[in-house]
Structure formats: structure tokens, C-alpha cells
Amino acid sequence: MVKSKNNISNNKLLEIQTMDNVDFKRYYGVSKPVFLSLCEKLPKEIKQIWILWLFSFAKDGLSLFKTAKNFGYTEKTLSEKIWFVLNCCYRTLKINDFESRKINLEERKVQDLTKDSDRNVNFALTALDTTVFPLKTADDQFYSIKHSKRCLKYEAIVTLDKGTCCFLSGPHTGSEHDLAVYRKKAAHLELLPGEKIFADKGYCCAEFSNKLITPIKKSHQTMLTNEEHCFNNWVSSNRIIVENFFKDLKIFEILKKDWRSSIDKHMKMVFFLSWVVNEENKRINNEL
């Protein structure tokens, strides 16, 4: 049995050296450069094979039992190592860095085209939105009418130029409205003079019109003008960056299936995988 374990582990570690980057990312959801960078950031006591277990578990979304079987280990051993690595990642890696949006500030500004705004003063650097992940629970406070399921909600603010997440909030209960989630934390972030954030119609509120750029809602009595349609398309074209971030996050099947472990572990998994997506986006931008 030990020989079988060692053979499987050695073969998996050999994949890091021999598998090309495209196939490696297809199997594990992370590129080899980002994987190796992560290995260097974590304490030396953490073995590469343990980190590979975590990525395999997240990418395939299989149960701990099936993941353990694929690697030739017991569920108990694999489970202990996966949660240990995840805890280390959560303590070591930085995801919330709202100040990072200020780098090369003048090059990154998107002028605010909202009617009656001061276009010489108002601008945006980021976009925000929420996303949900399914949760296995009978508790109705997690039930989202919009998504017709019980879930955990997270709010992300993403930079417009590189698509990296600079602020992540959650988990929140699925029943909470986006605006209520925004009021909890993101609304209290300190913005630069004239700075605003792109958001969708769920954030339309006079209270935050000085902080958010949102689409124009049509009323029951009147239709939107062509100019208003163009404005909404412009908002949408800038806001798509945060949707792309969520799309990249959800290549990890573990986030698309009912989460059966603790909410604390879910939070750590989402923050960890958000860091991975950030690093992948930074790598792609550096290669352009």
C-alpha cells in the first residue's frame, strides 16, 4: 500500500515538471508558474503534493473520499492536509488590497459619463458586483429568491484595467440584497476625490449616487431614450470585468456544487481561489 502511495505521489509530482502549462491548468485550474510561486510563498513544511491535492479537490469538485482514492491515500490523511494547506494559504496570501488600484492612477482612470457629473473630476477605477455559491443547508436565511437556492453571497471589487480583485467581502447569507451587502463594508471604503465605482442596477440608490455609477432604470411610464440606452451599454461594457472575474473563479467545480463543509472553510476557499485568479490575471497582463 505504501509503495502504491509513493508511486502515485511521484507520478503526480512528475506532472509538474513534464506536463505542459496548458494541460496542467486544465487539470488543476492553475498555471505552473502560479503554482510554483504559491509553493515558494508557503511554509517549507508544506509539501508540493499537498498543494496539488488542494487544487485537484477544488478543480474537480469531487468528494474528499474520491480525491483521496485518486491519489492513493486515505480520506482522513488527505482531508487533514487539504484543510491545513488552505488555512496556511488564508493566513499567508493577501487578497484585500484596495490601495493597489491607485498604481499608475492617471493611466487607469475611466471618465464618468453620468449626466450632470463633472467629467473633469469624476472617474472610475473599479467595478463591483456580487455572486453566489450553493450551500447544503435547510436554513432559510440562506435562501435567495433571485437564484432559487440556498447559497452564500460574496461581493467583489475588481480593477477595470487588469481584472484583479482588490476587495472581497463575505460570506453573506443568500437572502441579503446586494445593496444591503454593499452597506455593510464596501460603502465604507475610502475613495479618492471624484472617484466612483461601476455597479449594476441592483445598486441603484440616490444615497450612493456620489459613489457608484449605475445604469439608468426605465420607469413604467416612459421608455429609455437612445442616449440612455448608450449610457447603459457603456456601464455594462465596463462592469463586465467583474463578471469575467467571477467566471474565472467558477472554473473550480467545488464552488458550483453544494458546499457541505463549514462556512468558515468556504470563506477560506473562496479567498484562496480569488488569489489564484488574481495571480493568473497578473501573469497574463505581464505577458501582453
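Helix axes are lines fitted to C-alpha atoms over the stretch in contact, and angles run from 0 to 180 degrees between N-to-C directions. The model is predicted: local features need pLDDT of at least 70, side-chain atom pairs count only at pLDDT 80 or more, and totals for chains, interfaces and linings use all residues. Residues are numbered from 1 along each chain as its sequence is written, and side-chain values use heavy atoms, with hydrogens and water left out.

**View 1. Overview of the chain.** Ten helices and seven strands are present; these are DSSP runs (helices H or I, at least four residues; strands E, at least two), numbered from the N terminus. Of the 288 residues, 49% are buried (under 20% relative accessible area, 1.4 Å probe, protein chains only). The C-alpha atoms occupy a box of roughly 70 × 45 × 30 Å along the principal axes.

**View 2. Packing of helices α5 and α6.** Helix α5 (residues 64–71) packs against helix α6 (residues 75–92) at about 105 degrees, and their axes are 8 Å apart. The two helices are therefore roughly perpendicular, the term for angles of 65 to 115 degrees. In this contact (heavy atoms within 4.5 Å), α5 contributes Leu64, Phe65, Thr67, Ala68 and Phe71, while α6 contributes Glu75, Leu78, Ser79, Ile82 and Trp83.

**View 3. Surroundings of Phe252.** Phe252 lies in the loop between α9 (226–249) and α10 (263–287). Its relative accessible area is 0%, so Phe252 is buried. Beyond neighbours within four places in sequence, Phe252 is in contact with Tyr28, Gly29, Phe55, Ala58, Lys59, Leu273 and Val276.

Conventions: Buried < 20%, exposed > 50% of the residue type's maximum accessible area, 1.4 Å probe, protein only. Parallel < 35°, antiparallel > 145°, perpendicular 65-115°, else oblique.
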